[in-house]
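I opened this notebook to record what I looked up in the structure, one topic at a time.

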Amino acid sequence: MGAAGAPESTPSEDNILAKVVVVTSGKGGVGKTTTSANLAAGLASMGYRTVAIDFDVGLRNLDLVMGCERRVVYDLINVIRGEATLRQAAIKDKRLENLFILPASQTRDKDALSRIGVEGVIEGLKKAGFEYIICDSPAGIEHGAHMAMYYADHAFVVTNAEVSSVRDSDRILGLLDAKTHRAEKGLDPVKTHLLLTRYNPTRVAKGEMLSHKDVIELLGIDFIGAIPESHQVLQSSNAGVPIILDPSNDAAQAYIDVVNRFLGQERPQRFLDAPKRGFFSRMFGAGEAPVAAAG
């Protein structure tokens, strides 16, 4: 199952059902790793054998967000260099039977990621029976980002509803159109999905943030959903638990909707409109209605 020295080839018919999904954006800090973790956890919870790969060599955050940082022994670069097998490096999630994580290296040079090495890893995971391979891309358009997207079948383009983030995402779309295996071989293009994160309809109404319609118009790709701004997302990530595993909050519900839409199910779009203000909030401003004094 080792990946070193894997020949460059087209995926075999036995592996054709496996899907490679890159989670990418041009800008850092928009929620790519959080989205990778929740997408992988959501697919695994629905019974799909799923692996999430961290391509952010030198930083390595996916294992933290998924709560397995203390169990890292081997990493992606060890596998590419033939120093470990996929079976040795992939970490099985303790909560979900079908979920595995392949961490990045914190100490290696990013140039250690080679195209033939990445292909060997992807092909090895397909042969191992994984149905979804989630590639968590580093920010920007550097080497690691190119390697994360090169073999993708689908791309989640993650952006915040602000001009700089959208502009950088547009650059990523150009790379997906021109610099992937599918583009170079004349195959069907990578299927792109626009995901808005940290979306706040109240700020949109105040003109402090682009609307989802603005972003869709600027980028021109299919809109798969918006994740509402929530402090619970950060708390969940810090605790090493993908928020999708706690469906009691809006952000988790939004990720559940996104996973279902990705799988082809119809789900109405939610969390795009500001909540209607009640009588007291209209009278007393944006704050909460006054609490009556105890008497």
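I looked up what covers the buried residues of H7, and the list includes strand S1 (19-24), helix H6 (143-150), strand S6 (154-159), strand S7 (191-199) and H10. For the terms, I noted that helices (H or I, at least four residues) and strands (E, at least two) are DSSP runs, numbered from the N terminus. Buried means under 20% relative accessible area, exposed means over 50%, and partly exposed lies in between, with a 1.4 Å probe and protein chains only. Contact, wherever I use the word, means heavy atoms within 4.5 Å.

I also wrote down the basis of these entries: this is a predicted model, in which local features need pLDDT of at least 70 and side-chain atom pairs count only at pLDDT 80 or more, while totals for chains, interfaces and linings use all residues. Residues are numbered from 1 along each chain as its sequence is written, and side-chain values use heavy atoms, with hydrogens and water left out.

I found 13 helices and eight strands in the protein chain, and buried residues make up 52% of its 295 residues. Of the contacts in the protein chain with a separation of 6 or more, 74% are accounted for by residues 24 or more positions apart.

H7 has 16 residues and reaches 23 Å from its first C-alpha to its last, close to the 22 Å expected at 1.5 Å a residue; the expected span is 1.5 Å times one less than the number of residues. Which residues of H7 are buried? I listed Ser165, Val166, Asp168, Ser169, Ile172, Leu173, Leu175 and Leu176. Seen down the axis of H7, these buried residues fall within an arc of 160 degrees, so they line one face of the helix; the arc is that of the directions from the helix axis to the C-beta atoms. The face of H7 turned away from the buried side carries the exposed residues Val163, Arg167 and Asp177.

Helix H7 (residues 163-178) and helix H10 (residues 212-219) pack at an angle of about 35 degrees, with their axes 10 Å apart. Here axes are lines fitted to C-alpha atoms, for helices over the stretch in contact, and angles run from 0 to 180 degrees between N-to-C directions. Val166, Ser169, Asp170 and Leu173 of H7 make the contact with Val215, Leu218 and Leu219 of H10. By class, this contact has five nonpolar, one polar and one charged residues.

In H10, I found His212, Val215 and Leu219 buried, and they cover an arc of only 65 degrees around the axis, which puts them on the same side of H10. On the other side of H10, Lys213, Glu217 and Leu218 are exposed. The buried residues of H10 pack against S6, H7, S7 and strand S8 (222-228). H10 is followed by glycine 220, whose phi is positive, near 70 degrees.

Threonine 192 is found in strand S7 and is buried, with a relative accessible area of 16%. Leaving aside its neighbours within four places in sequence, threonine 192 is in contact with Ala155, Leu173, Leu176, Ile221 and Asp222. Serine 211 lies in the loop between H9 and H10, and serine 211 is buried too, with a relative accessible area of 15%. Apart from neighbours within four places in sequence, serine 211 is in contact with Tyr199 and Val204.

Is alanine 205 buried or exposed? Alanine 205 has its place in helix H9 (residues 201-205), and at 65% relative accessibility alanine 205 counts as exposed. Isoleucine 77 lies in helix H3 (residues 76-80) and counts as buried, at 0% relative accessibility.

Technical notes
Nonpolar A, V, L, I, M, F, W, Y, C, P; charged D, E, K, R; others polar.
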